[in-house]
Amino acid sequence: MAPGVGIIGIGSALPAKVVTNFDLEKFLDTSDEWIRTRTGISERRIAEEGVITSDLAARAAEKAMAEAGITADQVEMIIVATATPDAPLPATACYVQAKLGAVNAAALDVAAGCTGFIYGLVVGSQFVRSGAYRHVLVIGAEVLSRILDWTDRSMCVLFGDGAGAVVLGPVDEDSGILSFKLGSDGHMADMLAIPAGGVRRPASLETVKAGLHYARMLSGNETFKFAVRVMGEVTQQALDAAGLTREDLDFLIPHQANWRIIDAARKRFCLPEERVVVNINRYGNMSSASIPVAMEEAVRDGRLKRGDLVALVGFGAGLTWGAAIVRY
Ligand code: UT7
């Protein structure tokens, strides 16, 4: 019988600099009231100058490895889920590999927008389940503040920087990642995208002048409706795949894009507020980092305990979506 694959260590790294909605009011036509009521966000962390995605990723990974009780040379694969790589080439995971001194690790990035951590978790877990590798690091890390147009109020108020990491390793077969469901719809690829800087529109003076190197969302409202629908559907599909029901769930740990989206998912699964991990008020949307950072907080403050049944669920650019049911 194949062994189980579980989260044997978890860590996070958040920049110290806090930017509140009131700070944004000083240079943008926005208000604390609008941002809080539409999104649930009060403040976010912003990386200091010079701090890059691989720095936050490596810091989070070191904490996860310490908790798992492993050293860098025991890591056999590093997966970094990110929409904000250090550079277009090579993979940010390679910079993390060097920073950690993980001399025995393969390294690759996963690009699945805000669903990146769920995708990375599923990819990494296959290597452990097959017996090919014993320890795989999965990291969601973002410095979104550098791909935002800070004059575009419809986007820049929503996001924040941070990283969360887990070490995957073998566990008893009835615990760890019990099931997952991933999905995508590339017909909606332009809904949330960075228009230039790839081979379709290579970076040029013109693309930079037009601000096409910044992240854009065509319709926040359409993304919102998609998110509400897909979060419920994919979580239910993952529960079905595990042969479990919503009554079995101890916690829902959703991608933190908007408090209203999270609350709609909570209501669909009839969960009381204390069973849903929410930290968007303090960090904004950290894309790939949001789920592992939320999970780490729940572990650290004693809410989430070994043996609890958790649904991790995300959605994002691509469009992509995914959920994993985990016996923590
Ligand atoms: O991580 C995955 C990707 N992202 C998401 O999941 C985001 C999903 N979408 C959302 O969270 C919401 O759609 C938003 C928070 C982005 C927007 O909320 P909304 O209730 O859908 O508002 P809206 O886009 O319909 O805009 C309402 C109004 C507009 O003004 P008019 O046209 O009604 O006069 C906007 O110009 O709010 C205006 N607005 C702002 N006002 C003050 C947009 N951004 C701001 C702002 N401050 N920062």
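Helix α11 keeps S290, I291, P292, V293, A294, M295, E296, E297, A298 and V299 buried, meaning under 20% relative accessible area with a 1.4 Å probe and protein chains only. With 10 of its 11 residues (290-300) buried, α11 is largely enclosed by the rest of the structure. Just past α11, G302 takes a positive phi of about 85°. Helices here are DSSP runs of H or I, at least four residues long, numbered from the N terminus.

This is a predicted model, with local features needing pLDDT of at least 70 and side-chain atom pairs counted only at pLDDT 80 or more, while totals for chains, interfaces and linings use all residues. Numbering starts from 1 along each chain as its sequence is written, and side-chain values use heavy atoms, leaving out hydrogens and water.

Turning to a helix pair, α8 (residues 220-242) and α9 (residues 259-268) have axes that come within 9 Å and cross at roughly 35°; these axes are lines fitted to C-alpha atoms over the stretch in contact, with angles from 0 to 180 degrees between N-to-C directions. On the α8 side, F224, A227, V228, R229, M231, G232, E233 and Q236 meet R260, I261, A264, A265 and R268 of α9, contact being heavy atoms within 4.5 Å.

Methods. Buried means under 20% relative accessible area, exposed over 50%, partly exposed in between (1.4 Å probe, protein chains only). Helices (H or I, at least four residues) and strands (E, at least two) are DSSP runs, numbered from the N terminus.
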